[in-house]
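Visitor: I'd like to learn how to read a model like this one. Can we go through it feature by feature?

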Amino acid sequence: MRQLIGILLIIGAIWGCKELYRYWEKVKARKEAEDRAGGPAPTSVVATPTALPGLPANLESSLQAAQKQGATGLKNWLKLYHPYVSDPRLAAIELDYIVLISSSNPQEARQLFAAVKQRTPTNSPVFPRIRQLEKTYQ
């Protein structure tokens with residue numbers, strides 16, 4: 001009886017290794033196909049913030065300078081230039097600001113997030129990011 005169990009265990013181990021090898025070959029073939037095709041197909045399209053419309057070109061350099069200054073610089077920039085920037089770029093900038101202040105002022109971050117979420121339609125290019133941050137700021 002012991003010999004039969006031993007033989008079954010050896011056969012099971014050999015079969016398991018064979019299945020593992022087949023799986024590895026499939027993964028390797030898929031990876032090679034992705035590399036030849038230029039990478040995997042994107043599952044969701046998220047626009048880069050600099051590609052979003054709504055920010056006049058002359059304000060781009062001041063925004064970059066404000067972002068380098070951190071939360072305070074971005075807050076001051078938003079106070080000064082908020083009327084000149086429109087969605088979806090405004091929403092993206094405000095989401096960046098929300099992430100920066102979330103540890104120091106979570107109440108303000110939640111309030112601003114609610115305002116951004118309320119005015120952003122579901123077909124907006126920043127909506128996937130809102131969905132991503134939603135659990136954190138609700």
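Visitor: In what order do the elements of the chain run from the N terminus on?

Guide: Helices (H or I, at least four residues) and strands (E, at least two) are DSSP runs, numbered from the N terminus. Here the order is α-α-α-α-α-α, with 6 helices and 0 strands. This is a predicted model, where local features need pLDDT of at least 70, side-chain atom pairs count only at pLDDT 80 or more, and totals for chains, interfaces and linings use all residues. Residues are numbered from 1 along each chain as its sequence is written, and side-chain values use heavy atoms, leaving out hydrogens and water.

Visitor: What pLDDT does the chain average?

Guide: pLDDT is the predictor's confidence in each residue, from 0 to 100. The chain averages 84, and 90% of the residues score at least 70. Over residues 39-46, though, pLDDT stays under 50.

Visitor: Is Thr120 buried or exposed?

Guide: Buried means under 20% relative accessible area, exposed over 50%, and partly exposed in between (1.4 Å probe, protein chains only). Thr120 has a relative accessible area of 8%, so Thr120 is buried. You'll find Thr120 in the loop between helix H5 (106-119) and helix H6 (127-137). Leaving aside neighbours within four places in sequence, Thr120 is in contact (heavy atoms within 4.5 Å) with Ala91, Val126, Phe127 and Ile130. The Thr120 side chain also reaches the backbone oxygen of Val116 at 2.6 Å.

Visitor: How many salt bridges does the count come to?

Guide: Side chains of opposite charge can pair when their charged atoms come close. The rule asks for a side-chain nitrogen of Lys or Arg within 4 Å of a carboxyl oxygen of Asp or Glu, and the count comes to 7. In one of them, the side chains of Arg22 and Glu19 meet at 3.1 Å, N to O; both lie in helix H1, 3 residues apart, about one turn of the helix.

Visitor: Which parts of the chain does the pair of Glu94 and Arg119 link?

Guide: Their side chains meet in a salt bridge at 2.4 Å, N to O. That pair links distant parts of the chain, with Glu94 in helix H4 and Arg119 in helix H5, 25 residues apart. Glu94 is buried at 5% relative accessible area, while Arg119 is partly exposed at 32%.

Visitor: And where is the cis peptide bond?

Guide: Look from Asp87 to Pro88: that bond is cis, with omega near 10°. Pro88 sits in the loop between helix H3 (71-81) and helix H4 (89-101).

Conventions: A polar contact is a pair of N or O atoms within 3.5 Å; within protein, one must be able to donate a hydrogen and the other to accept it, and residues adjacent in sequence count only if both atoms are side-chain atoms.
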